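Please keep the sequence and the 3D view at hand while reading.

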Amino acid sequence: MKKRTKIFSVAAAVLVLLIVVLIVLANVLITPERIKGTLLPLAEEKLHRKIGLGTIEVSLLSGIEIQGLTIYEQDGSEIFVSTDLVRLRYQLLPLLAMKVVIDEIRLEKPSIRIVRFDDELFNFSDLMVAAENETNQSESTATQKPSDTQDGAPISLLVSNVLVQDGQLIFLDHVLNNKVPYRYEVSSLQIAAKGVSLSGKVPLTLQCQLNGSHLTLDGDVNLQPLGGDFNVELQNLDVVAFRPYLQNVLPGKLGGLKLNLKSTVSGTPGEISLKGTLSLKELDLILDAMPDAPLKNARLDADYDLRFTRDQERLQLQHLGLDYNGIKVNT
């Protein structure tokens, strides 16, 4: 009994000593100065943008907390991304080898500003080109080489989990009206990507409010080659807000329309398959061909299975079932 108690006492002492060592190493290896001197230049180099950091706090259990992160536009005139708090979780055992390994990034209340200019380029188009070039040169961002600080202690970015909580995205579109751009908002944005890897499937979930309508996306994404399989659901979207984009498609003047969508989406950017249901309700439309017989509070339900090939600009219809105010057609 005494021997067992002694073993437990030694084990407890070793555990306490290990915790003390980890705390000391965390405070020695992970300092605000080291983070600013390592991660900040690396991020600015990758993004080609100026980045501002607020206060930085480090603790053994909660990890690294960065308050007031701001990423500016390429010309530095506007804010591209800002967030109240960034949490970086690091692994404990690598501290014993004098290494800092960050494996999770959590963004709390980020605000993202997306702009499409009148030349149809976006304010992030340069990042897409840079990412594509780097992908061709680098084997994997998930196994990125460690960055050495001024002290020689490496900080490695082996990010496998990315979490976004309560985010906001503002989209400004100058294409249709350069002087007064159209504005759309995504709020309550929640994103979780776990097990991030350039090879294999990455589980991804997304929830948000699109102009006040609930949008959910759940599935798997492949980064190399780019593709995925998702379940998408959109509830009660007011289509009138997107009327400027439909003016060349609609056969008349749209007064009201609510959209509900439940679909599976799979494929690659070159070929996409969609299967599900689409419901259009509260449809008010004055037809150009029949202005004296407008559609009032009409409803159209569609059950579809189709495939779109981008290179050939071809839409292949596998199945389509329509129900217009009780009149059904299947093909």
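The side chains of E104 and R89 meet in a salt bridge, with 3.6 Å from N to O; a salt bridge is a side-chain nitrogen of Lys or Arg within 4 Å of a carboxyl oxygen of Asp or Glu. This pair links distant parts of the chain, since E104 belongs to strand β5 (residues 100–116) and R89 to strand β4 (residues 79–90), 15 residues apart. E104 counts as buried at 10% relative accessibility, whereas R89 is partly exposed, with a relative accessible area of 36%. Here buried means under 20% relative accessible area, exposed means over 50%, and partly exposed lies in between (1.4 Å probe, protein chains only).

## The model and its overall make-up

The structure is a predicted model, in which local features need pLDDT of at least 70 and side-chain atom pairs count only at pLDDT 80 or more, while totals for chains, interfaces and linings use all residues. Residues are numbered from 1 along each chain as its sequence is written, and side-chain values use heavy atoms, with hydrogens and water left out.

The secondary structure of the chain comes to 3 helices and 16 strands. Helices (H or I, at least four residues) and strands (E, at least two) are DSSP runs, numbered from the N terminus. Of the 331 residues in the chain, 32% are buried. Among contacts with a separation of 6 or more, 47% join residues 24 or more positions apart; contact means heavy atoms within 4.5 Å.

## Further salt bridges

How many salt bridges does the structure hold? There are 10. In one of them, the side chains of R49 and D126 meet at 2.8 Å, N to O. R49 lies in the loop between α2 (32–47) and β1 (51–52) and D126 lies in helix α3 (residues 125–137), so this pair ties together parts that are 77 residues apart in sequence. R49 is buried, with a relative accessible area of 4%, whereas D126 is partly exposed at 23% relative accessibility.

Another salt bridge joins the side chains of D173 and R116, at 2.8 Å from N to O. It links distant parts of the chain: D173 is in strand β7 (residues 154–173) and R116 is in strand β5, 57 residues apart. D173 is buried, with a relative accessible area of 0%, and R116 is buried, with a relative accessible area of 19%. Side chains of opposite charge can pair when their charged atoms come close.

## Nonpolar cores

The largest nonpolar core has 22 residues, of which L254, L257, L259 and L283 touch the most other members. A nonpolar core is a set of buried Ala, Val, Leu, Ile, Met, Phe, Trp, Tyr and Cys residues joined through side-chain atoms within 4.5 Å. At least two residues of this core come from each of β8 (182–194), β9 (201–210), β10 (213–222), β11 (227–238), β12 (252–268) and β13 (271–287). A second, separate core of 18 residues includes I51, V86, I114 and L127.

Which residues are in contact with L259, leaving aside its neighbours within four places in sequence? They are L234, Q235, N236, L237, V239, L278, S279 and L280. In soluble globular proteins, nonpolar side chains tend to be buried together.

## The second largest pocket

The second largest pocket has a volume of about 400 Å³. On a 1 Å grid over the protein atoms alone, a pocket is an open set of points where a 1.4 Å probe fits, with protein on both sides within 12 Å along at least five of seven lines; lining residues have an atom within 4 Å of a point. Grid points are joined across faces, edges and corners, and a volume is the space filled by probe spheres set on the points.

The lining consists of 18 residues, and V239, L246, L250, L257 and L280 lie nearest the centre of the pocket. β12, β13 and β14 (295–309) each supply at least two lining residues, and the largest share, 5 residues, comes from β13. The lining divides into 18 nonpolar, no polar and no charged residues. In this division, Ala, Val, Leu, Ile, Met, Phe, Trp, Tyr, Cys and Pro count as nonpolar, Asp, Glu, Lys and Arg as charged, and the others, Gly among them, as polar.

## Two residues of strand β14

D305 is in strand β14 and is partly exposed, with a relative accessible area of 23%. Beyond residues up to four places away in sequence, T309 touches G270, E271 and R314.
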